[in-house]
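User: I am new to this structure and would like to learn how to read its features. May we go through them one at a time?
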Amino acid sequence: SPFHVQATQEARMYPWLGVWIWAGAWALIRWLDGGRRGWLVLYGLATALALYTHYLTLFVLPAHAVYLLAIRAPRRRMVSWAVCLLTVGVIYLPWVPLLLQQVASGRGWPLFRPPLTAHTATDLLGFLASGGRLFGMGTYFTVGRADFLTLAPLLLPFLLLAAYGMLSLPAPASRWFLATWGLTPAVLAFAFSLRWNVF
């Protein structure tokens with residue numbers, strides 16, 4: 001069926017999106033540590049591939065800016081990074097008309113997406129903690145139905161473990177990396193979804 005074909009294509013797309021996003025993150029960190037321009041080129045290439053893989057990459061790019069600001073990257077590094085992103089933007093230009101057409105026609109996000117509710121955040125935490133679906137948490141296609149009193153003791157250990165892991169990292173840059181890469185895209189997607197649900 002057409003739905004099965006689309007779901008199969010999307011299932012192949014998300015692993016590649018993860019590969020390009022994390023390859024870009026790794027290249028950006030290496031470039032910031034060593035300064036070799038080749039890492040910045042790899043970052044730009046991985047970012048362009050991530051953008052061509054899925055438009056949700058647009059929520060990841062601000063995380064890079066927040067990270068660079070948080071670690072107080074030197075001004076010349078910020079300028080080089082901005083020039084790299086400008087180049088990526090030029091590479092992405094041929095895709096912009098199709099992206100705008102999909103958004104305008106409503107095909108930019110599927111109709112089966114669950115509505116944005118307070119459970120959206122707990123469902124996301126459930127996905128991160130256990131893969132979701134357990135104990136009445138949501139799935140990709142449904143909203144969670146468990147009440148918050150049930151979810152709190154299930155999700156609290158995961159949150160405490162994540163906080164402990166982040167605080168125990170020896171380098172502040174590592175803490176900022178995890179915080180900005182994890183929170184910025186989720187917050188932006190949630191805010192965007194108040195008007196157009198892509199979460």
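User: To begin, in which helix does Met78 lie?

Analyst: Please note that the model is predicted. Met78 belongs to helix H4.

User: Which residues does Met78 touch, leaving out those up to four places away in sequence?

Analyst: Met78 touches Leu68, Leu69 and Ala73. Between Met78 and Leu68 there are 7.3 Å in space, C-alpha to C-alpha, and the two are 10 residues apart in sequence.

User: How are two packed helices described?

Analyst: In general, one states the angle between the axes and the distance between them. Here, helix H3 (residues 61–70) packs with helix H4 (residues 75–92) at an angle of about 170 degrees, and their axes are 11 Å apart. Angles over 145 degrees count as roughly antiparallel, and H3 and H4 are therefore roughly antiparallel to each other.

User: Which residues of H3 and H4 make the contact?

Analyst: H3 contributes Leu61, His64, Ala65, Leu68 and Leu69, while H4 contributes Met78, Trp81 and Leu85. Of the residues in this contact, seven are nonpolar, one is polar and none is charged.

User: Turning to the surface, which residues form a nonpolar patch there?

Analyst: The patch is formed by Trp26, Leu42, Leu45 and Leu49, which together have about 360 Å² of accessible area. Helix H2 (residues 37–53) supplies the largest share, three residues. Leu45 is located in helix H2.

Technical notes:
Residues are numbered from 1 along each chain as its sequence is written. This is a predicted model: local features need pLDDT of at least 70, side-chain atom pairs count only at pLDDT 80 or more; totals for chains, interfaces and linings use all residues. Side-chain values use heavy atoms; hydrogens and water are left out. Patches are made of residues with over 30% relative accessible area and no salt bridge: like charges are joined within 9 Å, nonpolar side chains (Val, Leu, Ile, Met, Phe, Trp, Tyr) within 5 Å. Accessible areas come from the Shrake-Rupley method with a 1.4 Å probe; for residues, only the protein chains shown count as cover. A salt bridge is a side-chain nitrogen of Lys or Arg within 4 Å of a carboxyl oxygen of Asp or Glu. Helices (H or I, at least four residues) and strands (E, at least two) are DSSP runs, numbered from the N terminus. Axes are lines fitted to C-alpha atoms, for helices over the stretch in contact, and angles run from 0 to 180 degrees between N-to-C directions. Angles under 35 degrees count as roughly parallel, over 145 as roughly antiparallel, 65 to 115 as roughly perpendicular and the rest as oblique. Contact means heavy atoms within 4.5 Å. Ala, Val, Leu, Ile, Met, Phe, Trp, Tyr, Cys and Pro count as nonpolar, Asp, Glu, Lys and Arg as charged, and the others, Gly among them, as polar.
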